[in-house]
Each structure stands twice: as C-alpha cells, then as structure tokens.
Amino acid sequence: MIYLLLSVVLSSSLFLFFKWFDLKQIVTLPAIAGNYIACIVTGIIMNQGLNFEHLNSKIILSCLGLGILFFAIFYAMAYSSAKIGIGISSAASKLSLMIPVTFGAIVLH
C-alpha cells in the first residue's frame, strides 16, 4: 500500500515540477537530462557497481530504444503540463506508460 501511495504522490509531483519549470522559465531539456544522470548514478550505487556479464546486442538495443522512448515521454509530459494543464497531462501519461512497458515485456520477456 505504501508503494502505491508513493507512486501517486511522486507522479503527481512530477507534473507539478514541470508546471513550476514553465512558470519560472526553466528549460526542461537540461532538467530531464539531469534526471537521467541522477538515475544512472543511483542505479550504479544501488547495484554496487557496474556489471556487464549478461549484456548482449539485443539487450543493449532494447535498452537504448526504451531510453529514447522514456526521454520523449518525459519531454511530452513537460510540454503538455505547461501548455494544456496538469490534470489532462497526468491522465495521458498514465496511458502512455503502457507503450514502453508493453514493448519491454514483449522484447525482454
């Protein structure tokens, strides 16, 4: 139950931050790139280092494709929350999450 609550709160706060970025005229592209850097560092720390044992070309290409899709979705979320509104953007993002998750499930099993 706590994970569901955290998911809702953090997802909502993401749209609030994107709207705040628009109000303060903060460029969203570097903010999203900074988010990716923070995620990579956090992943390395949580994984206790880098491990390349199970990598092959199919996994690398799939991960690159998913990374591009997630980046595009984050940028679309920022744009839509700034121009359309937080409520509509939030509902649309919940639906758009199905695309990369389904792709990952099919390709990565």
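**Close-up 1. Buried residues of helix 3.** In this predicted model, S62, L66, I73, F74, M77, A78, S80, S81 and A82 of helix 3 are buried (under 20% relative accessible area with a 1.4 Å probe, protein chains only; over 50% is exposed, and in between is partly exposed). Helices here are DSSP runs of H or I with at least four residues, numbered from the N terminus. Residues are numbered from 1 along each chain as its sequence is written, and side-chain values use heavy atoms, without hydrogens or water. Because the model is predicted, local features need pLDDT of at least 70 and side-chain atom pairs pLDDT 80 or more, while totals for chains, interfaces and linings use all residues.

**Close-up 2. The largest nonpolar core.** Eight is the count here: F15, F18, F21, I32, I73, F74, M77 and A78. To join such a core, buried Ala, Val, Leu, Ile, Met, Phe, Trp, Tyr and Cys residues must link up through side-chain atoms within 4.5 Å.

**Close-up 3. Who F74 touches.** Skipping residues up to four places away in sequence, F74 touches L14, F18, I32, N35 and Y36 (contact means heavy atoms within 4.5 Å).

**Close-up 4. S80 and its surroundings.** S80 sits in helix 3 and counts as buried because its relative accessibility is 16%. Its side chain reaches the backbone oxygen of M77 at 3.2 Å. Leaving out residues up to four places away in sequence, S80 touches G85 and S89. Just after helix 3, G85 takes a positive phi of about 145 degrees.

Conventions: Helix = DSSP H or I, 4+ residues; strand = E, 2+ residues; numbered from the N terminus. Polar contact = N/O pair within 3.5 Å; in protein donor to acceptor, adjacent residues only side chain to side chain.
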